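Work through the exercises below with the sequence and the model open. Each task is followed by a solution in steps.

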Amino acid sequence: LQELKNNDYYFKYTAEVIGVDTIKTRGKILVRIAKNEKNEGICLDEEVYTTQSLFELKGLANPGAFDFKKAMKRKGIYHQLTMNESQFIRVKINGWNIKTQALIYRENLLYSLREKGFPKEEFSVIEALLLGRRQDLSKEMISNYQNAGAMHLLAISGLHIGILLMILNTILKPLERFRYGKKLKLIVLVLFLWFFALLSGLSASVIRAVLMFSILTIGLHSKKKNNLSHYLFTSLFLSLLVNPMYLFDLGFQLSYLAVISILIFNPLIQSFWLPKNKIISYLWSLLTISFAAQIGILPLSLYTFHQFSALFFLSSLCIIPFLGVVLGMGYLTIALDHFDYLTKFYIEIYSGVIRMMNQVIEILSGFEFLIYREVFFTISLL
C-alpha cells in the first residue's frame, strides 16, 4: 500500500493486487476506504481481503477537463476498489519488503515529530519538504504555492536533493585532508543520499532524483565536468530500465526537461553578464538557472495545467535561499529527534522560519496580474 491525499469522504491508497479469486496475479489498483468516526484507514504493513468487485476508472466527465483515467493509466492503474470498514478484513504482511519498511519508518518518524508540538500548518510543510508526504497540506496552502509558481518546492525533487548534497558536501569537506578522504567522502555522500530516499518512503520521484545526483556525484568525482550531459542521460537510461513507464510520468518529464534545459541554456544566459560582486553574482545565478529551467518546462506546463505564473522570478529570489535554511534546519530536526535532543526552543525557531516562508509565498500569490490562467495550448502546439 501507498497512501494518497485523502478527502472528506475517503482514505485513498494505491495498492498491489496479489490475487483475484483463486488466481495469483499482479497489478496496481486505486483503493478508497469510506471514512467514519471509528475507521482510521489501512496500515502500510497490512494485506486486505475483500469480496467487493473492481470497477474501471472513469474517463473525462467534460471536454477539456483533467483526464484522471489517462493519468492513472500511465502509472499502470486501470481499476478502482471502493469499500467501507465492514467489507474487508486485514492481515499483517508476512515477509519483508524494503519499500513497506521504508514507509513504516517514515510514518514512525512523522508520529514522533508530530508529538513534539509543531503547529499544524507548519508541520504539513515539514512533512512535504523533508519526507515527501503532502497529504496534510491545506487547499489554501497548495493554492498559494501554485499561484506563486513555487509548487515544485513542496515536492521532493532534484532541487531538494541538490541542496542536501551541498549541505553534506560542506559538512564532509574535512575528510579530503586524509589520504583516501575523497573516496571516503564520495561513498558517504552517496550512502547519505540513498538513506534520505529511504527516509522519504522510496517514492518514484525521490528515487529518480537520488539516482540522478548519485551518478552526477560519481561523475564529478572523476573530475570530468564537461561530461555532465553524459551523466544525466546515464541516470535517465537507468531510471527507464527500472521502470519504462516513467517515460509517461509527468514528474519524470518535468524533472529531466528542467535539468536538460539548464545544461543547454544556462551557460548562454549567464554569458550576457558576469557581475563581479559575489552577492549580485549569486542572485544572478538563481535568476538564470530559474529562467533556463522555465524554458524547458513551459510548453509541457501550459499543455498540462493551462496556466503560467510569471512570479517564478520572484519566488526563486525570495524562496530558494530560504529553502536552504529550511531544509538544513529540517535535517537537523530529524537528527535531534532521533537522539532525543529536540528542544521546545528549537521547535519554535524552526516553526517561525517556515511561517515566514509561507507568509512570503502568500504575499507573492497575491500578485494576480502576473498569473495567466486558461491558456489555450494543444498537443500540436506542444
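**Exercise 1.** Decide whether Arg106 is buried or exposed in this predicted model, and list what Arg106 touches.

Solution. Start with the location: Arg106 is found in helix 2, which spans residues 98-114. Next, take the relative accessible area of Arg106, which is 7%. The cut-off for a buried residue is under 20%. Arg106 is therefore buried. Finally, look for neighbours, leaving out residues up to four places away in sequence. Arg106 touches Leu131, Gly132 and Arg133, and also Leu199, Ser200 and Gly201.

**Exercise 2.** Describe how helix 5 packs on helix 7: angle, handedness and contact residues.

Solution. Helix 5 covers residues 158-171 and helix 7 covers residues 204-221. Their axes come within 9 Å and cross at roughly 45°. Angles from 65 to 115 degrees count as roughly perpendicular and those under 35 degrees as roughly parallel. The two helices, helix 5 and helix 7, are therefore oblique to each other. The crossing of helix 5 past helix 7 is right-handed. On the helix 5 side, the contact is made by Gly158, Ile161, Gly162 and Leu165. Helix 7 contributes Ala209, Val210, Phe213 and Thr217. Sorted by class, this contact of helix 5 with helix 7 has five nonpolar and three polar residues, and no charged ones.

**Exercise 3.** Repeat the analysis for helix 5 and helix 11.

Solution. Helix 11 runs over residues 312-338. It packs against helix 5 at an angle of about 70°, with the axes 10 Å apart. The range for roughly perpendicular is 65 to 115 degrees, so helix 5 is roughly perpendicular to helix 11. The crossing of helix 5 and helix 11 is right-handed. From helix 5, the residues Leu159, His160, Ile163, Leu164 and Ile167 take part. They meet Leu323, Gly324, Leu327, Gly328 and Tyr331 in helix 11. By class, the contact of helix 5 with helix 11 has seven nonpolar, three polar and no charged residues.

**Exercise 4.** How does the radius of gyration of the protein chain compare with the globule rule?

Solution. First, count the elements: the protein chain has 12 helices and 11 strands. The radius of gyration is 22 Å, close to the 21 Å that the globule rule gives for 382 residues, so the protein chain is as compact as a globular protein of that length. Along the principal axes, the C-alpha atoms fill a box of roughly 70 × 55 × 40 Å. Buried residues make up 38% of the 382 residues. Among contacts between residues at least 6 apart in sequence, 67% join residues at least 24 apart.

Notes. Residues numbered from 1 in each chain as written. Predicted model: local features only at pLDDT ≥ 70, side-chain atom pairs only at ≥ 80, totals over all residues. Heavy atoms only, no water. Axes fitted to C-alpha atoms, helices over the stretch in contact; angles between N-to-C directions. Helix = DSSP H or I, 4+ residues; strand = E, 2+ residues; numbered from the N terminus. Parallel < 35°, antiparallel > 145°, perpendicular 65-115°, else oblique. Left-handed = near helix turned anticlockwise from the far one by under 90°. Contact = heavy atoms within 4.5 Å. Nonpolar A, V, L, I, M, F, W, Y, C, P; charged D, E, K, R; others polar. Buried < 20%, exposed > 50% of the residue type's maximum accessible area, 1.4 Å probe, protein only. Rg over C-alpha atoms; globule rule 2.2 N^0.38 Å.
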